[in-house]
Amino acid sequence: MDIVTVLPPNFGYVIFTYLYSWIMLTYLGVKVGAARKKYGVKYPTMYSDKEQVFNCVQRAHQNTLEVYPQWLVFQTIAAIVYPLSASVLGAIWVTSRISYAWGYYTGEPAKRMNGVYGYIGLFGVIGLSISVALQLLGVF
């Protein structure tokens, strides 16, 4: 049995969504590295007592890493049955994390809410995952 015959035909879009998320995480990580250099925050120090903007850059990355595993799980479950819908919702979530970070990078934490639209993507794949679970249980 070949993986290409097991996965739904549009699963390639899901793979591209995962690649997009990897690019986003790499971007956020590079921004933290650049902020460490700019603000003189040495490893392994996670946060600065003096540089609020560094802390905002660090939090944008850290918060994304905190939610990323859950997103991956729901994205994958949803994509098994709804690959195209999951890909669109996943792209919304990934893009929102960039908007979230750019808002946070201003040094004004309230501007991180620029990425609030990402909940459409996150709650969307959670909803699709619930649908998959109910289908597997024979509820519908």
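What follows is a chat about a predicted model.

Trainee: What should I know about the model before starting?
Mentor: It is predicted, so local features need pLDDT of at least 70 and side-chain atom pairs count only at pLDDT 80 or more, while totals for chains, interfaces and linings use all residues. Residues are numbered from 1 along each chain as its sequence is written, and side-chain values use heavy atoms, with hydrogens and water left out.

Trainee: How many helices and strands are there in the protein?
Mentor: The protein has 5 helices and 0 strands; these are DSSP runs numbered from the N terminus, with helices (H or I) of at least four residues and strands (E) of at least two.

Trainee: How do the axes of H2 and H4 cross?
Mentor: The axes of H2 (residues 11-39) and H4 (residues 83-104) cross at roughly 10° and come within 8 Å. Axes are lines fitted to C-alpha atoms, for helices over the stretch in contact, and angles run from 0 to 180 degrees between N-to-C directions.

Trainee: Which residues in H2 and H4 meet?
Mentor: Among them are Phe11, Tyr13 and Met24 in H2, and Pro83, Trp93 and Trp102 in H4. Contact means heavy atoms within 4.5 Å.

Trainee: New topic. Is Phe123 buried or exposed?
Mentor: Phe123 counts as exposed, because its relative accessibility is 54%. Exposed means over 50% relative accessible area, buried under 20%, and partly exposed in between (1.4 Å probe, protein chains only).

Trainee: Where does Phe123 lie?
Mentor: In helix H5, residues 118-136.

Trainee: And how much of the protein is buried?
Mentor: Buried residues are 37% of the 140 residues.

Trainee: What does the C-alpha trace span?
Mentor: About 55 × 30 × 20 Å along its principal axes.
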